[in-house]
Amino acid sequence: MSYAVSAALQGAVFTALINDPGVTTAVGDAVFDALPVGALPSLYVSLGPETVRVADDKTGSGAVHLFVISVVTETSGFSAAKTAAGAVCDVLHDADLSLDRGRLVSLRFERARAGKIDKGARRKIDLIFRARVEDE
């Protein structure tokens with residue numbers, strides 16, 4: 001097992017999101033790998049935590065990454081957040097991303113969790129994706 005492909009996967013996911021017209025329409029340039037200092041936009045997408053497990057086989061080293069993409073909004077309803085979440089899913093589900101290291105075997109939407117945060121002041125949708133990678 002190798003964690004070495006993790007940075008390449010994260011970079012490819014981030015690049016796919018910031019270059020997608022649907023995501024840009026939904027959130028503008030508010031796609032973050034790390035949250036900026038200061039005031040946040042009223043609607044944004046943020047790359048979140050991941051868990052990784054070994055997926056080696058006879059052909060070589062591999063890993064399965066479960067990673068979170070969060071959509072957060074200050075509006076009282078979920079409509080704008082769900083639109084943005086849909087755009088993120090459209091980009092990533094079954095995406096054929098090119099990695100700087102290794103190879104993406106598959107990328108699939110796994111599940112989502114929507115809820116209120118900050119005592120109900122904001123809404124958050126966590127999208128969980130499953131990526132299978134091989135280190136070449």
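This is a predicted model: local features need pLDDT of at least 70, side-chain atom pairs count only at pLDDT 80 or more; totals for chains, interfaces and linings use all residues.
Colleague: At what angle do α1 and α3 pack, and how far apart are their axes?

Modeller: Helix α1, residues 6-18, packs on helix α3, residues 79-92, at an angle of about 120 degrees, and their axes are 10 Å apart. The two helices are therefore oblique to each other.

Colleague: Is that crossing left-handed or right-handed?

Modeller: The crossing of α1 and α3 is right-handed.

Colleague: Which residues meet there?

Modeller: From α1, Val13, Ala16 and Leu17 meet Val88, Val91 and Leu92 of α3. By class, this contact has six nonpolar residues, with no polar and no charged ones.

Colleague: Which residues of α3 are buried?

Modeller: The buried residues in α3 are Ala81, Ala84, Ala85, Ala87, Val88, Cys89, Val91 and Leu92. Their cover includes α1, α2 (21-27) and the strands β2 (43-54), β3 (62-73), β4 (103-117) and β5 (122-134).

Colleague: What span should α3 have?

Modeller: At 1.5 Å a residue, its 14 residues should span 20 Å, and the end C-alpha atoms of α3 are 20 Å apart, which agrees. Just after α3, Asp94 takes a positive phi of about 65 degrees.

Colleague: Turning to Phe32, where is its place, and is it buried or exposed?

Modeller: Phe32 lies in strand β1, residues 31-32. Phe32 has a relative accessible area of 14%, under the 20% cut-off, and is therefore buried.

Colleague: What is Phe32 in contact with?

Modeller: Leaving aside neighbours within four places in sequence, Phe32 is in contact with Phe14, Pro41, Tyr44, Val45, Ser46 and Leu47.

How values were computed. Residues are numbered from 1 along each chain as its sequence is written. Side-chain values use heavy atoms; hydrogens and water are left out. Axes are lines fitted to C-alpha atoms, for helices over the stretch in contact, and angles run from 0 to 180 degrees between N-to-C directions. Helices (H or I, at least four residues) and strands (E, at least two) are DSSP runs, numbered from the N terminus. Angles under 35 degrees count as roughly parallel, over 145 as roughly antiparallel, 65 to 115 as roughly perpendicular and the rest as oblique. A crossing is left-handed if the near helix is turned anticlockwise from the far one by less than a right angle, and right-handed if clockwise. Contact means heavy atoms within 4.5 Å. Ala, Val, Leu, Ile, Met, Phe, Trp, Tyr, Cys and Pro count as nonpolar, Asp, Glu, Lys and Arg as charged, and the others, Gly among them, as polar. The expected span of a helix is 1.5 Å times one less than its number of residues. Buried means under 20% relative accessible area, exposed over 50%, partly exposed in between (1.4 Å probe, protein chains only).
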